[in-house]
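Take a walk through this model, one element at a time. Start with the helices, then move to the strands.

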Amino acid sequence: MNRQNFFGHLALAVAVVILAAFIGQMRRMERSHATFGLRDRVHTMHNDSDHKHDSDAADSDAEQEEDAEVIVRFRPGTSAETINRITDGLNDRLLDRFEFINNQAVIADEDGLSPETVAAEYRSLPEVEYAEPNFVIELDPAETEGDFDQAAGDEDSDNDDDPPVVRHPGHSSSSPQPNDPLFNEQWSLLNTGQREGTSGADVCATRAWTKTKGSKKIVVAVIDTGVDYKHQDLHNNIWTRPASLAPYNDADLGEFDDRHGFDAADNDGDPMDDNGHGTHCAGIIGAEGDNSDGIAGVNWQVEIMGLKFLSRTGSGTTKDAIECINYVVARKKAGVNVRIISASWGSTAHSRSLGDAIKRANDEGIIFIAAAGNSSTNNDTRPHYPSNYQVPNVVSVAALTRKDVLARFSNYGAKTVHIAAPGAEIMSTWPGNQYEEHSGTSMATPVVSGVAALILSVNPDLSVTELRKRLLDSADKLPALDGKISSGGRVNAARAVKAE
Ligand SMILES: [Ca+2]
Ligand SMILES: [Ca+2]
Ligand SMILES: [Ca+2]
Ligand SMILES: [Ca+2]
(Lines give C-alpha, C1' and ligand atoms only; values in the text may rest on other atoms or scores of the structure.)
(Ligands and ions follow the chains in the order given, each with its own letter.)
Protein backbone atom coordinates (compact mmCIF):
# COMPACT_ATOMS: atom_id res chain seq x y z
CA MET A 1 0.00 0.00 0.00
CA ASN A 2 1.52 3.38 -0.97
CA ARG A 3 1.47 6.45 1.23
CA GLN A 4 -1.42 8.14 -0.56
CA ASN A 5 -3.59 5.03 -0.37
CA PHE A 6 -2.79 4.70 3.30
CA PHE A 7 -4.04 8.19 4.10
CA GLY A 8 -7.07 7.63 1.94
CA HIS A 9 -7.99 4.53 3.92
CA LEU A 10 -7.28 6.30 7.18
CA ALA A 11 -9.60 9.18 6.29
CA LEU A 12 -12.33 6.74 5.32
CA ALA A 13 -11.92 4.82 8.59
CA VAL A 14 -12.15 8.02 10.64
CA ALA A 15 -15.29 9.03 8.79
CA VAL A 16 -16.91 5.64 9.49
CA VAL A 17 -16.07 5.88 13.20
CA ILE A 18 -17.51 9.38 13.45
CA LEU A 19 -20.67 8.29 11.64
CA ALA A 20 -21.06 5.26 13.94
CA ALA A 21 -20.61 7.42 17.02
CA PHE A 22 -23.18 9.90 15.69
CA ILE A 23 -25.74 7.13 15.04
CA GLY A 24 -25.07 5.71 18.48
CA GLN A 25 -25.66 9.11 20.05
CA MET A 26 -28.95 9.50 18.15
CA ARG A 27 -30.11 6.07 19.34
CA ARG A 28 -29.14 6.93 22.89
CA MET A 29 -31.15 10.14 22.71
CA GLU A 30 -34.17 8.33 21.30
CA ARG A 31 -34.01 5.74 24.06
CA SER A 32 -33.61 8.16 26.92
CA HIS A 33 -36.56 10.08 25.55
CA ALA A 34 -38.70 6.95 25.22
CA THR A 35 -37.92 5.72 28.72
CA PHE A 36 -38.14 9.04 30.48
CA GLY A 37 -40.10 8.64 33.67
CA LEU A 38 -39.67 4.88 33.77
CA ARG A 39 -36.15 4.68 35.02
CA ASP A 40 -37.07 4.84 38.66
CA ARG A 41 -38.97 1.59 38.47
CA VAL A 42 -36.87 -0.48 40.78
CA HIS A 43 -38.98 -3.60 40.53
CA THR A 44 -38.27 -4.38 36.89
CA MET A 45 -35.06 -4.97 35.08
CA HIS A 46 -33.51 -2.63 32.57
CA ASN A 47 -29.91 -3.47 33.18
CA ASP A 48 -28.36 -5.95 30.83
CA SER A 49 -25.71 -8.09 32.45
CA ASP A 50 -25.39 -10.18 29.30
CA HIS A 51 -24.30 -7.24 27.32
CA LYS A 52 -20.81 -8.56 26.84
CA HIS A 53 -22.29 -10.85 24.19
CA ASP A 54 -23.34 -7.87 22.12
CA SER A 55 -20.88 -6.90 19.41
CA ASP A 56 -22.33 -3.45 18.83
CA ALA A 57 -19.99 -1.43 21.04
CA ALA A 58 -21.08 1.99 19.84
CA ASP A 59 -24.19 2.17 22.04
CA SER A 60 -23.17 -0.22 24.79
CA ASP A 61 -23.65 2.24 27.62
CA ALA A 62 -27.18 3.05 26.59
CA GLU A 63 -28.19 -0.60 26.30
CA GLN A 64 -26.58 -1.48 29.58
CA GLU A 65 -28.80 1.04 31.25
CA GLU A 66 -32.04 0.62 29.47
CA ASP A 67 -32.76 -2.61 27.65
CA ALA A 68 -35.91 -4.04 29.14
CA GLU A 69 -35.75 -7.74 29.94
CA VAL A 70 -38.69 -10.09 30.01
CA ILE A 71 -39.11 -13.77 30.75
CA VAL A 72 -41.41 -15.51 28.29
CA ARG A 73 -42.89 -18.95 28.47
CA PHE A 74 -43.80 -20.16 25.00
CA ARG A 75 -46.45 -22.80 24.53
CA PRO A 76 -45.23 -26.39 24.30
CA GLY A 77 -44.11 -27.27 20.79
CA THR A 78 -43.08 -23.76 19.79
CA SER A 79 -39.98 -24.29 17.67
CA ALA A 80 -36.70 -22.42 17.99
CA GLU A 81 -37.30 -21.05 14.47
CA THR A 82 -40.65 -19.62 15.52
CA ILE A 83 -39.14 -18.03 18.62
CA ASN A 84 -36.39 -16.47 16.50
CA ARG A 85 -38.93 -15.17 14.00
CA ILE A 86 -40.95 -13.59 16.82
CA THR A 87 -37.98 -11.93 18.51
CA ASP A 88 -36.62 -10.68 15.18
CA GLY A 89 -40.03 -9.27 14.29
CA LEU A 90 -40.16 -7.32 17.56
CA ASN A 91 -36.54 -6.16 17.22
CA ASP A 92 -35.60 -8.05 20.37
CA ARG A 93 -32.78 -10.42 21.15
CA LEU A 94 -32.85 -13.79 22.85
CA LEU A 95 -30.48 -13.69 25.84
CA ASP A 96 -30.94 -17.12 27.28
CA ARG A 97 -33.19 -20.13 27.48
CA PHE A 98 -33.49 -22.22 30.61
CA GLU A 99 -32.69 -25.61 29.16
CA PHE A 100 -34.18 -27.56 32.06
CA ILE A 101 -37.28 -25.45 32.52
CA ASN A 102 -39.21 -26.04 29.34
CA ASN A 103 -39.96 -23.25 26.94
CA GLN A 104 -38.84 -20.38 29.14
CA ALA A 105 -36.73 -17.74 27.46
CA VAL A 106 -35.19 -14.44 28.51
CA ILE A 107 -35.56 -11.73 25.91
CA ALA A 108 -34.15 -8.20 25.79
CA ASP A 109 -35.91 -5.42 23.96
CA GLU A 110 -33.89 -3.06 21.76
CA ASP A 111 -36.47 -0.33 21.24
CA GLY A 112 -36.29 1.37 24.63
CA LEU A 113 -39.73 0.14 25.69
CA SER A 114 -40.68 -0.47 29.32
CA PRO A 115 -40.56 -4.06 30.59
CA GLU A 116 -44.32 -3.99 31.11
CA THR A 117 -44.90 -2.95 27.50
CA VAL A 118 -42.57 -5.61 26.14
CA ALA A 119 -44.22 -8.28 28.32
CA ALA A 120 -47.62 -7.16 27.00
CA GLU A 121 -46.36 -7.49 23.40
CA TYR A 122 -45.49 -11.12 24.04
CA ARG A 123 -48.61 -11.86 26.03
CA SER A 124 -50.71 -10.90 23.01
CA LEU A 125 -49.11 -13.62 20.86
CA PRO A 126 -50.83 -16.99 20.40
CA GLU A 127 -47.52 -18.83 20.87
CA VAL A 128 -47.00 -17.36 24.34
CA GLU A 129 -48.31 -18.86 27.56
CA TYR A 130 -47.15 -15.95 29.72
CA ALA A 131 -44.63 -13.14 29.76
CA GLU A 132 -43.45 -10.99 32.63
CA PRO A 133 -40.76 -8.43 33.44
CA ASN A 134 -37.48 -9.66 34.85
CA PHE A 135 -38.01 -8.51 38.44
CA VAL A 136 -35.32 -7.20 40.74
CA ILE A 137 -34.77 -9.14 43.96
CA GLU A 138 -32.93 -7.45 46.84
CA LEU A 139 -31.71 -8.86 50.09
CA ASP A 140 -34.22 -8.13 52.82
CA PRO A 141 -33.58 -4.94 54.81
CA ALA A 142 -33.49 -6.82 58.13
CA GLU A 143 -29.97 -7.78 57.15
CA THR A 144 -28.69 -4.23 57.32
CA GLU A 145 -26.51 -3.26 60.20
CA GLY A 146 -28.09 -1.94 63.33
CA ASP A 147 -31.63 -2.99 62.45
CA PHE A 148 -31.62 -6.04 64.55
CA ASP A 149 -30.28 -4.63 67.78
CA GLN A 150 -33.16 -2.27 67.94
CA ALA A 151 -35.64 -5.01 67.12
CA ALA A 152 -34.15 -7.28 69.76
CA GLY A 153 -34.29 -4.56 72.37
CA ASP A 154 -37.90 -3.79 71.56
CA GLU A 155 -38.78 -7.41 71.60
CA ASP A 156 -37.29 -7.94 75.03
CA SER A 157 -39.37 -5.14 76.43
CA ASP A 158 -42.46 -6.48 74.67
CA ASN A 159 -42.00 -9.83 76.30
CA ASP A 160 -41.38 -9.22 79.97
CA ASP A 161 -42.97 -12.53 80.81
CA ASP A 162 -40.75 -15.27 79.54
CA PRO A 163 -42.75 -17.66 77.38
CA PRO A 164 -43.35 -21.19 78.65
CA VAL A 165 -40.25 -23.21 78.00
CA VAL A 166 -40.58 -26.33 75.91
CA ARG A 167 -38.17 -28.66 77.60
CA HIS A 168 -36.75 -31.66 75.93
CA PRO A 169 -34.16 -34.16 76.99
CA GLY A 170 -30.80 -34.14 75.31
CA HIS A 171 -28.61 -31.59 77.01
CA SER A 172 -26.89 -34.25 79.01
CA SER A 173 -23.13 -34.45 79.03
CA SER A 174 -23.28 -37.62 76.96
CA SER A 175 -24.27 -35.62 73.89
CA PRO A 176 -21.24 -34.75 71.80
CA GLN A 177 -20.17 -31.13 71.96
CA PRO A 178 -17.75 -29.96 69.32
CA ASN A 179 -14.48 -28.25 70.21
CA ASP A 180 -15.16 -25.25 67.97
CA PRO A 181 -14.23 -22.19 70.05
CA LEU A 182 -17.34 -20.16 69.12
CA PHE A 183 -19.75 -23.01 69.86
CA ASN A 184 -20.81 -21.33 73.11
CA GLU A 185 -22.22 -18.46 71.01
CA GLN A 186 -24.34 -20.85 68.95
CA TRP A 187 -27.50 -20.75 71.02
CA SER A 188 -29.43 -22.06 68.00
CA LEU A 189 -27.67 -25.41 68.40
CA LEU A 190 -27.36 -25.54 72.19
CA ASN A 191 -29.14 -22.92 74.26
CA THR A 192 -27.91 -22.99 77.84
CA GLY A 193 -29.45 -19.63 78.63
CA GLN A 194 -26.40 -17.71 77.47
CA ARG A 195 -26.88 -13.95 76.99
CA GLU A 196 -30.29 -14.01 78.67
CA GLY A 197 -31.64 -16.67 76.38
CA THR A 198 -34.02 -19.41 77.40
CA SER A 199 -32.31 -22.66 78.22
CA GLY A 200 -33.50 -25.40 75.86
CA ALA A 201 -34.73 -22.96 73.19
CA ASP A 202 -32.66 -24.57 70.44
CA VAL A 203 -32.96 -27.17 67.68
CA CYS A 204 -31.56 -30.00 69.87
CA ALA A 205 -28.49 -30.33 67.68
CA THR A 206 -26.29 -32.08 70.25
CA ARG A 207 -28.82 -34.87 70.65
CA ALA A 208 -29.22 -35.13 66.87
CA TRP A 209 -25.43 -35.52 66.58
CA THR A 210 -25.58 -38.71 68.63
CA LYS A 211 -27.28 -40.16 65.55
CA THR A 212 -25.66 -38.28 62.65
CA LYS A 213 -23.31 -35.38 62.08
CA GLY A 214 -24.14 -35.18 58.39
CA SER A 215 -22.69 -36.75 55.29
CA LYS A 216 -20.48 -35.70 52.41
CA LYS A 217 -22.89 -37.60 50.18
CA ILE A 218 -25.54 -34.89 50.62
CA VAL A 219 -25.16 -31.75 48.50
CA VAL A 220 -26.95 -28.56 49.55
CA ALA A 221 -27.26 -25.73 47.01
CA VAL A 222 -27.04 -22.28 48.57
CA ILE A 223 -28.54 -19.82 46.07
CA ASP A 224 -27.46 -16.41 47.35
CA THR A 225 -24.51 -14.00 47.02
CA GLY A 226 -22.13 -16.92 46.47
CA VAL A 227 -20.01 -18.71 49.05
CA ASP A 228 -16.45 -18.09 50.23
CA TYR A 229 -15.37 -21.63 49.44
CA LYS A 230 -11.86 -20.84 50.66
CA HIS A 231 -13.01 -20.05 54.21
CA GLN A 232 -11.01 -22.17 56.64
CA ASP A 233 -14.18 -23.43 58.33
CA LEU A 234 -15.94 -24.23 55.04
CA HIS A 235 -13.40 -25.41 52.50
CA ASN A 236 -13.55 -29.06 53.58
CA ASN A 237 -17.34 -29.05 53.18
CA ILE A 238 -17.54 -27.46 49.74
CA TRP A 239 -18.83 -29.38 46.76
CA THR A 240 -16.21 -29.81 44.05
CA ARG A 241 -17.14 -30.99 40.59
CA PRO A 242 -15.79 -34.52 40.23
CA ALA A 243 -13.28 -35.08 37.45
CA SER A 244 -15.74 -37.48 35.83
CA LEU A 245 -18.30 -34.70 35.37
CA ALA A 246 -17.86 -32.44 32.34
CA PRO A 247 -17.80 -28.66 32.86
CA TYR A 248 -21.19 -26.99 32.78
CA ASN A 249 -22.32 -26.19 29.29
CA ASP A 250 -25.20 -23.85 28.56
CA ALA A 251 -26.29 -23.65 24.93
CA ASP A 252 -26.70 -19.87 25.14
CA LEU A 253 -24.13 -18.81 27.71
CA GLY A 254 -21.29 -21.15 26.84
CA GLU A 255 -19.07 -23.48 28.86
CA PHE A 256 -18.04 -22.86 32.47
CA ASP A 257 -15.35 -24.41 34.64
CA ASP A 258 -17.79 -24.83 37.53
CA ARG A 259 -15.42 -26.15 40.18
CA HIS A 260 -17.67 -25.28 43.15
CA GLY A 261 -20.91 -24.04 41.60
CA PHE A 262 -22.12 -21.28 39.32
CA ASP A 263 -22.39 -17.49 39.23
CA ALA A 264 -25.45 -16.32 37.32
CA ALA A 265 -24.91 -12.68 38.31
CA ASP A 266 -21.65 -12.41 36.40
CA ASN A 267 -22.15 -15.43 34.11
CA ASP A 268 -19.05 -17.26 35.23
CA GLY A 269 -18.15 -20.55 36.87
CA ASP A 270 -16.81 -18.96 40.07
CA PRO A 271 -19.40 -18.39 42.82
CA MET A 272 -16.99 -16.58 45.17
CA ASP A 273 -18.96 -14.42 47.63
CA ASP A 274 -18.24 -10.67 47.49
CA ASN A 275 -21.05 -9.76 49.89
CA GLY A 276 -21.00 -12.12 52.88
CA HIS A 277 -24.65 -13.12 53.13
CA GLY A 278 -24.29 -16.40 51.26
CA THR A 279 -21.18 -17.38 53.23
CA HIS A 280 -23.09 -16.75 56.46
CA CYS A 281 -25.91 -19.02 55.31
CA ALA A 282 -23.44 -21.71 54.19
CA GLY A 283 -21.73 -21.80 57.60
CA ILE A 284 -25.06 -22.32 59.37
CA ILE A 285 -25.75 -25.36 57.18
CA GLY A 286 -22.31 -26.85 57.23
CA ALA A 287 -19.30 -25.13 58.80
CA GLU A 288 -16.89 -27.93 59.64
CA GLY A 289 -17.63 -29.21 63.14
CA ASP A 290 -15.12 -30.20 65.81
CA ASN A 291 -12.10 -28.85 63.91
CA SER A 292 -10.99 -26.54 66.76
CA ASP A 293 -11.93 -23.58 64.59
CA GLY A 294 -14.79 -21.08 64.56
CA ILE A 295 -18.26 -22.59 64.68
CA ALA A 296 -20.02 -25.87 64.01
CA GLY A 297 -22.62 -26.14 61.29
CA VAL A 298 -25.86 -28.04 61.79
CA ASN A 299 -23.93 -30.58 59.71
CA TRP A 300 -20.30 -31.17 60.74
CA GLN A 301 -19.79 -32.59 57.29
CA VAL A 302 -21.80 -32.00 54.14
CA GLU A 303 -21.21 -30.64 50.65
CA ILE A 304 -22.18 -27.04 49.95
CA MET A 305 -22.71 -26.04 46.32
CA GLY A 306 -22.28 -22.28 45.92
CA LEU A 307 -24.65 -20.39 43.63
CA LYS A 308 -24.50 -16.67 43.10
CA PHE A 309 -27.25 -14.47 41.67
CA LEU A 310 -27.13 -11.59 44.16
CA SER A 311 -24.43 -9.00 43.54
CA ARG A 312 -21.95 -7.48 45.95
CA THR A 313 -24.67 -5.03 46.97
CA GLY A 314 -27.24 -7.80 47.46
CA SER A 315 -29.25 -7.14 44.33
CA GLY A 316 -30.25 -9.69 41.69
CA THR A 317 -32.99 -10.62 39.28
CA THR A 318 -35.60 -13.32 38.78
CA LYS A 319 -33.81 -14.40 35.62
CA ASP A 320 -30.56 -15.10 37.44
CA ALA A 321 -32.30 -16.86 40.32
CA ILE A 322 -33.93 -19.15 37.74
CA GLU A 323 -30.58 -19.63 36.00
CA CYS A 324 -29.20 -20.92 39.33
CA ILE A 325 -32.14 -23.32 39.75
CA ASN A 326 -31.62 -24.40 36.15
CA TYR A 327 -27.97 -25.14 37.02
CA VAL A 328 -28.94 -27.14 40.11
CA VAL A 329 -31.46 -29.21 38.14
CA ALA A 330 -28.85 -29.77 35.41
CA ARG A 331 -26.31 -31.02 37.96
CA LYS A 332 -28.90 -33.23 39.65
CA LYS A 333 -29.73 -34.79 36.29
CA ALA A 334 -26.00 -35.32 35.70
CA GLY A 335 -25.80 -37.41 38.87
CA VAL A 336 -24.88 -34.91 41.62
CA ASN A 337 -26.88 -35.75 44.75
CA VAL A 338 -28.17 -32.21 45.29
CA ARG A 339 -31.46 -32.59 47.18
CA ILE A 340 -31.83 -29.23 48.91
CA ILE A 341 -31.96 -25.62 47.76
CA SER A 342 -31.59 -23.02 50.51
CA ALA A 343 -33.07 -19.66 49.48
CA SER A 344 -32.61 -16.83 51.99
CA TRP A 345 -34.16 -14.05 49.93
CA GLY A 346 -37.40 -12.88 48.42
CA SER A 347 -39.70 -10.06 47.43
CA THR A 348 -43.39 -9.31 47.05
CA ALA A 349 -43.19 -9.60 43.26
CA HIS A 350 -45.01 -12.68 41.96
CA SER A 351 -43.17 -14.36 39.12
CA ARG A 352 -44.81 -17.28 37.36
CA SER A 353 -41.49 -18.22 35.81
CA LEU A 354 -39.74 -18.47 39.18
CA GLY A 355 -42.67 -20.52 40.48
CA ASP A 356 -42.32 -22.83 37.47
CA ALA A 357 -38.58 -23.20 38.09
CA ILE A 358 -39.24 -24.24 41.70
CA LYS A 359 -41.85 -26.69 40.43
CA ARG A 360 -39.20 -28.10 38.11
CA ALA A 361 -36.87 -28.58 41.10
CA ASN A 362 -39.72 -30.31 42.93
CA ASP A 363 -40.16 -32.73 40.03
CA GLU A 364 -36.43 -33.48 40.25
CA GLY A 365 -36.65 -34.43 43.96
CA ILE A 366 -35.19 -31.18 45.33
CA ILE A 367 -36.72 -29.52 48.39
CA PHE A 368 -36.81 -25.70 48.37
CA ILE A 369 -36.36 -24.07 51.79
CA ALA A 370 -37.24 -20.36 51.64
CA ALA A 371 -37.12 -17.38 54.01
CA ALA A 372 -40.54 -16.06 55.06
CA GLY A 373 -39.27 -12.46 54.95
CA ASN A 374 -38.35 -9.74 57.41
CA SER A 375 -41.20 -7.21 57.25
CA SER A 376 -43.08 -8.33 60.39
CA THR A 377 -46.08 -8.95 58.13
CA ASN A 378 -48.59 -11.74 57.56
CA ASN A 379 -47.73 -13.71 54.41
CA ASP A 380 -51.32 -15.02 54.26
CA THR A 381 -52.54 -11.54 53.39
CA ARG A 382 -49.37 -9.95 51.95
CA PRO A 383 -47.63 -12.68 49.98
CA HIS A 384 -43.85 -12.95 49.97
CA TYR A 385 -42.08 -14.94 47.25
CA PRO A 386 -40.59 -17.46 46.70
CA SER A 387 -41.72 -18.63 50.16
CA ASN A 388 -45.40 -18.31 49.16
CA TYR A 389 -45.36 -20.30 45.92
CA GLN A 390 -47.87 -23.11 46.13
CA VAL A 391 -45.42 -25.82 45.12
CA PRO A 392 -45.15 -29.04 47.18
CA ASN A 393 -41.40 -28.71 47.83
CA VAL A 394 -41.53 -25.22 49.34
CA VAL A 395 -40.92 -24.85 53.08
CA SER A 396 -41.35 -21.28 54.34
CA VAL A 397 -39.30 -20.43 57.43
CA ALA A 398 -39.95 -17.86 60.19
CA ALA A 399 -37.28 -16.66 62.66
CA LEU A 400 -37.13 -17.15 66.44
CA THR A 401 -35.09 -15.36 69.09
CA ARG A 402 -33.04 -17.02 71.81
CA LYS A 403 -36.11 -16.69 74.03
CA ASP A 404 -38.15 -18.97 71.74
CA VAL A 405 -40.48 -16.25 70.50
CA LEU A 406 -41.02 -15.06 66.95
CA ALA A 407 -38.41 -12.41 66.16
CA ARG A 408 -39.95 -8.99 65.86
CA PHE A 409 -38.91 -8.66 62.21
CA SER A 410 -40.09 -12.11 61.15
CA ASN A 411 -42.99 -12.60 58.78
CA TYR A 412 -45.59 -15.19 59.76
CA GLY A 413 -48.72 -16.77 58.29
CA ALA A 414 -50.95 -19.53 59.67
CA LYS A 415 -51.43 -20.91 56.15
CA THR A 416 -48.30 -19.91 54.26
CA VAL A 417 -45.40 -20.01 56.74
CA HIS A 418 -44.60 -23.57 57.72
CA ILE A 419 -41.91 -23.79 60.38
CA ALA A 420 -39.77 -21.59 62.62
CA ALA A 421 -36.06 -21.76 63.41
CA PRO A 422 -33.49 -19.70 65.32
CA GLY A 423 -32.81 -16.55 63.30
CA ALA A 424 -31.66 -13.76 65.61
CA GLU A 425 -28.07 -13.12 66.71
CA ILE A 426 -26.79 -16.07 64.73
CA MET A 427 -23.02 -16.51 64.65
CA SER A 428 -21.61 -17.84 61.41
CA THR A 429 -18.85 -17.68 58.83
CA TRP A 430 -18.01 -14.49 56.93
CA PRO A 431 -15.68 -14.06 53.94
CA GLY A 432 -11.97 -13.84 54.67
CA ASN A 433 -11.90 -16.39 57.53
CA GLN A 434 -14.12 -14.12 59.62
CA TYR A 435 -17.17 -14.81 61.80
CA GLU A 436 -20.10 -12.49 62.29
CA GLU A 437 -23.45 -12.41 64.00
CA HIS A 438 -26.48 -11.64 61.85
CA SER A 439 -30.25 -11.79 62.16
CA GLY A 440 -33.10 -12.48 59.78
CA THR A 441 -35.30 -15.20 58.39
CA SER A 442 -32.26 -15.49 56.08
CA MET A 443 -30.43 -17.08 59.02
CA ALA A 444 -33.39 -19.26 60.10
CA THR A 445 -33.72 -20.75 56.61
CA PRO A 446 -30.30 -22.48 56.49
CA VAL A 447 -30.96 -23.97 59.93
CA VAL A 448 -33.90 -25.83 58.38
CA SER A 449 -31.89 -26.63 55.24
CA GLY A 450 -29.20 -28.04 57.52
CA VAL A 451 -31.68 -30.22 59.38
CA ALA A 452 -33.05 -31.44 56.03
CA ALA A 453 -29.49 -32.47 55.10
CA LEU A 454 -29.11 -34.28 58.45
CA ILE A 455 -32.32 -36.21 57.76
CA LEU A 456 -31.08 -37.21 54.30
CA SER A 457 -27.75 -38.35 55.75
CA VAL A 458 -29.73 -41.01 57.64
CA ASN A 459 -32.56 -41.56 55.15
CA PRO A 460 -31.12 -40.70 51.75
CA ASP A 461 -34.04 -42.17 49.84
CA LEU A 462 -36.82 -40.02 51.28
CA SER A 463 -38.93 -38.31 48.65
CA VAL A 464 -39.40 -34.55 48.80
CA THR A 465 -42.88 -35.10 50.22
CA GLU A 466 -41.57 -37.43 52.94
CA LEU A 467 -38.66 -35.14 53.77
CA ARG A 468 -40.91 -32.11 54.09
CA LYS A 469 -43.41 -34.03 56.23
CA ARG A 470 -40.60 -35.25 58.51
CA LEU A 471 -39.37 -31.67 59.01
CA LEU A 472 -42.80 -30.33 59.87
CA ASP A 473 -44.09 -33.28 61.92
CA SER A 474 -41.02 -33.38 64.15
CA ALA A 475 -41.14 -29.69 65.06
CA ASP A 476 -41.48 -28.64 68.72
CA LYS A 477 -44.85 -27.00 69.18
CA LEU A 478 -44.43 -23.58 70.77
CA PRO A 479 -47.32 -21.69 72.34
CA ALA A 480 -45.92 -18.46 70.86
CA LEU A 481 -46.32 -19.87 67.34
CA ASP A 482 -49.86 -21.14 67.73
CA GLY A 483 -51.97 -19.62 64.96
CA LYS A 484 -48.90 -17.88 63.54
CA ILE A 485 -47.38 -20.62 61.40
CA SER A 486 -48.88 -23.80 60.02
CA SER A 487 -46.87 -26.40 61.97
CA GLY A 488 -46.89 -24.21 65.07
CA GLY A 489 -43.37 -25.34 65.80
CA ARG A 490 -39.64 -24.86 65.92
CA VAL A 491 -37.52 -27.26 63.88
CA ASN A 492 -36.11 -30.08 66.04
CA ALA A 493 -33.05 -31.77 64.57
CA ALA A 494 -33.03 -34.62 67.11
CA ARG A 495 -36.62 -35.67 66.48
CA ALA A 496 -36.18 -35.11 62.74
CA VAL A 497 -33.40 -37.71 62.60
CA LYS A 498 -35.09 -39.92 65.24
CA ALA A 499 -32.19 -39.70 67.67
CA GLU A 500 -32.92 -41.46 70.93
CA1 LIG B 1 -29.40 -21.36 28.61
CA1 LIG C 1 -38.77 -4.58 20.75
CA1 LIG D 1 -17.98 -14.90 39.85
CA1 LIG E 1 -15.55 -25.27 62.93
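**Helix packing, sheets and confidence**

Helix α10 (residues 441-458) packs against helix α11 (residues 464-473) at an angle of about 120°, and their axes lie 10 Å apart. This is a predicted model, in which local features need pLDDT of at least 70, side-chain atom pairs count only at pLDDT 80 or more, and totals for chains, interfaces and linings use all residues. Residues are numbered from 1 along each chain as its sequence is written, while chains are lettered from A and ligands numbered from 1 in the order in which they are written. Helices (H or I, at least four residues) and strands (E, at least two) are DSSP runs, numbered from the N terminus. Axes are lines fitted to C-alpha atoms, for helices over the stretch in contact; angles run from 0 to 180 degrees between N-to-C directions.

The crossing of α10 with α11 is right-handed (the near helix is turned clockwise from the far one by less than a right angle). From α10, the contact takes in Val448, Val451, Ala452, Ile455 and Leu456. From α11 come Leu467, Arg470 and Leu471. Contact here means that C-beta atoms, placed from the backbone, lie within 7 Å. By class, there are seven nonpolar residues, no polar ones and one charged. Ala, Val, Leu, Ile, Met, Phe, Trp, Tyr, Cys and Pro count as nonpolar, Asp, Glu, Lys and Arg as charged, and the others, Gly among them, as polar.

Helix α10 has another partner, helix α7 (residues 277-286). Their axes come within 8 Å and cross at roughly 35°. This crossing is right-handed too. On the α7 side are His277, His280, Cys281, Ile284, Ile285 and Gly286. They meet Ser442, Met443, Pro446, Val447, Ser449, Gly450 and Ala453 of α10. The class count is seven nonpolar, six polar and no charged residues.

Now turn to strand β14 (residues 394-400). Seven of its seven residues are buried, so the strand is largely enclosed by the rest of the structure. A residue is buried if 20 or more other C-beta atoms lie within 10 Å of its own, exposed if 12 or fewer, and partly exposed in between. In a regular strand the side chains alternate between the two faces of the sheet. Val394, Ser396, Ala398 and Leu400 point one way from β14, and Val395, Val397 and Ala399 the other. Strand β13 (residues 367-371) runs parallel to β14, joined by four bridges; strands pair if DSSP finds at least two bridges between them. Phe368 stands opposite Val394. Strand β15 (residues 419-422) also pairs with β14 in the parallel sense, over four bridges. There, Ala398 has Ala420 as its bridge partner.

Five bridges join β1 (residues 69-74) to β4. Arg73 has Tyr130 in β4 as its bridge partner.

Step back to the chain. It has 12 helices and 19 strands. Buried residues make up 53% of its 500 residues. Mean pLDDT (the predictor's confidence in each residue, from 0 to 100) is 86, and 80% of residues reach 70 or more. Over residues 22-43, pLDDT stays under 50.

Methods. Two residues are in contact if their C-beta atoms, placed from the backbone, lie within 7 Å.
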